[in-house]
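Okay, thanks everyone for coming.

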Amino acid sequence: DFRDVFIAQADLSSIQVIKPEGGAPDQEWQITDAERDILQKAIMTEFTSTLGFESAYNIVEAREQSEITVNTTVVAIHPHATREQVAAGAKPGGAITASISLVNSKTGVVMVRSVDTRSSDDIWAFNQVESEDPAIDLIFRNWGNSIRRGMLHLQGRSVDPLVQPVNLKAQ
């Protein structure tokens with residue numbers, strides 16, 4: 001019934017920084033090991049909270065106990081303004097792009113893959129991760145909620161009146 005879910009460590013190893021229009025490359029956007037640990041914790045916390053909401057899914061500690069594995073790769077950060085522009089009063093907005101896949105834990109087959117970009121009014125929170133930060137948590141919470149709604153919908157367990165039922169046909 002695909003309710004036991006393992007949330008794998010996110011891949012943060014090759015995040016691309018897409019520089020703002022007219023901006024020079026900014027090496028300060030590269031995340032440190034300490035920031036990587038904080039981001040891993042934020043992703044795990046938010047995905048665990050959202051997928052487990054109302055007991056929709058059981059989050060398990062090991063892949064071997066699961067039916068679905070959630071794999072996440074943070075692909076890119078898109079600041080809308082350079083440091084100089086933000087210092088001069090520009091808004092610190094931007095976006096983060098991630099690739100998220102749901103994998104059948106028993107067979108290794110990718111069941112769903114999505115690449116999604118989420119905007120933030122404060123993308124600079126991603127660059128200044130020093131402690132648990134609600135600004136970045138919100139982005140991961142939104143992705144977690146989207147995964148949960150999509151999985152419930154595909155399983156026919158959605159009660160969302162705005163979502164149309166999926167009709168699968170044998171080929």
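Let's start with a side-chain pair: Arg118 and Asp116 are joined by a polar contact of 2.6 Å. By polar contact I mean a pair of N or O atoms within 3.5 Å, where, within protein, one must be able to donate a hydrogen and the other to accept it, and residues adjacent in sequence count only if both atoms are side-chain atoms. Arg118 has another such partner, with 2.7 Å between its side chain and that of Ser146.

Before I go on, some ground rules. This is a predicted model, where local features need pLDDT of at least 70, side-chain atom pairs count only at pLDDT 80 or more, and totals for chains, interfaces and linings use all residues. Residues are numbered from 1 along each chain as its sequence is written, and side-chain values use heavy atoms, with hydrogens and water left out.

How confident is the predictor? pLDDT is its confidence in each residue, from 0 to 100, and the protein chain averages 85, with 85% of the residues scoring at least 70. Confidence is highest in strand E1 (residues 4-7), at 96, and lowest in helix H3 (residues 124-127), at a mean of 62. Where pLDDT is low, the predicted coordinates should not be read in detail. Those labels are DSSP runs, numbered from the N terminus: helices are H or I with at least four residues, strands are E with at least two.

Back to Arg118. This residue sits in strand E6, residues 110-120. Leaving out residues up to four places away in sequence, Arg118 touches Gly94, Ala95, Ile96, Ile139, Asn142, Trp143 and Ser146, where contact means heavy atoms within 4.5 Å.

Now look at E5, residues 94-104. E5 and E6 pair in the antiparallel sense over ten bridges; strands pair if DSSP finds at least two bridges between them. Ser101, for instance, has Arg113 in E6 as its bridge partner. Five residues lie between the strands in this hairpin, and Gly108 there takes a positive phi near 80 degrees.

Ile100 is worth a stop. Its relative accessible area is 8%, so it counts as buried. Ile100 and Ile147 are 47 residues apart in sequence, yet their C-alphas are 8.7 Å apart in space. Ile147 is in contact with Ile100, and with others including Phe47 and Val70.

That brings us to the largest nonpolar core, which has 30 residues. A core here is a set of buried Ala, Val, Leu, Ile, Met, Phe, Trp, Tyr and Cys residues joined through side-chain atoms within 4.5 Å. E1, helix H1 (33-51), E4, E5 and H4 each supply at least two residues of this core, and H4 gives the largest share, seven. Trp143 and Ile147 are among those with the most contacts inside the core. Trp143 is buried, at a relative accessible area of 2%.

Conventions. Buried < 20%, exposed > 50% of the residue type's maximum accessible area, 1.4 Å probe, protein only. pLDDT = per-residue confidence, 0-100.
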